[in-house]
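Visitor: I have a structure open and would like to learn how to read its features. Could you walk me through a few?

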Amino acid sequence: MASSTAFFSSPVAASKSARSSPALATRFASPLPFSLRIHPRASPSNLRRLTVAAALQVGQQETVKPVPSSTPPSLPFRVGHGFDLHRLEPNLPLIIGGIDIPHDRGCEAHSDGDVLLHCVTDAILGALGLPDIGQIFPDSDPKWKGAASWVFMKEAVKLMHEAGYELGNLDATLILQRPKLSPHKEAIRENLCKLLGAHPSVVNLKAKTHEKVDSLGENRSIAAHTVVLLIQK
């Protein structure tokens, strides 16, 4: 008896119909590979396995893979995180948030070493999906030697506006053992608001010690974390 190629929901019905009506088998024939062709004398269990395999193969053939778009998505908001740390050395100025803080140590860095402004700049760049501050303003470039960090932050704010976003809110945490920042926090926050062009209600600043643990707790370094939310204009 000649074999036929057919695809039915019931393997037994497929076998019987193929034997009784060759025309019907031809009508419902599907172009399955040789390994999946149903022989009329195949057992019901084998027919079931072949039928499932055929269905899976057909499903895979009909799957349409999405084509990735080259246009970046227009997001209603973006979130960025920034981190920075600098070593503290004697006889250097300590500048935080653009404010000169009296202390016997200051940040060693290629620029003025403002850990907070570097951190905020990186958070904005990160939210925009751009390279970090070290790539845009590399310390290998002599023109940034001793540069005021507000220059970097102003550029990040400019890029933010050019991308169609504005600051939703900012939350920053400074980590240092000394000096105490309580007397200077308001001046730092006001200067941040000025540089960002933001209302004071959306700019928050916290300061923590490091409980005398590692270089931060031993007054040998200073660090900062910042999270920003950017909102589409």
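Visitor: Which strands each supply at least two residues of the nonpolar patch?

Guide: First, some background: this is a predicted model, where local features need pLDDT of at least 70, side-chain atom pairs count only at pLDDT 80 or more, and totals for chains, interfaces and linings use all residues. Residues are numbered from 1 along each chain as its sequence is written, and side-chain values use heavy atoms, leaving out hydrogens and water. Strands are DSSP runs of E, at least two residues, numbered from the N terminus. Here, β1 (77–90) and β7 (221–232) are the two you want.

Visitor: Which residues form the nonpolar patch on the surface?

Guide: Patch residues have over 30% relative accessible area and no salt bridge, and nonpolar side chains are joined within 5 Å. A salt bridge puts a side-chain nitrogen of Lys or Arg within 4 Å of a carboxyl oxygen of Asp or Glu. Areas come from the Shrake-Rupley method with a 1.4 Å probe. In this model the patch is Phe 77, Val 79, Val 227 and Ile 231, together about 350 Å² of accessible area.

Visitor: Is His 86 buried or exposed?

Guide: Buried means under 20% relative accessible area, exposed over 50%. His 86, in strand β1, is buried because its relative accessibility is 11%.

Visitor: With which side chain does the side chain of His 86 make a polar contact?

Guide: A polar contact pairs N or O atoms within 3.5 Å, one able to donate a hydrogen and the other to accept it. For His 86, the partner is the side chain of Asp 84, at 2.9 Å.

Key: Patches are made of residues with over 30% relative accessible area and no salt bridge: like charges are joined within 9 Å, nonpolar side chains (Val, Leu, Ile, Met, Phe, Trp, Tyr) within 5 Å. Helices (H or I, at least four residues) and strands (E, at least two) are DSSP runs, numbered from the N terminus. Buried means under 20% relative accessible area, exposed over 50%, partly exposed in between (1.4 Å probe, protein chains only).
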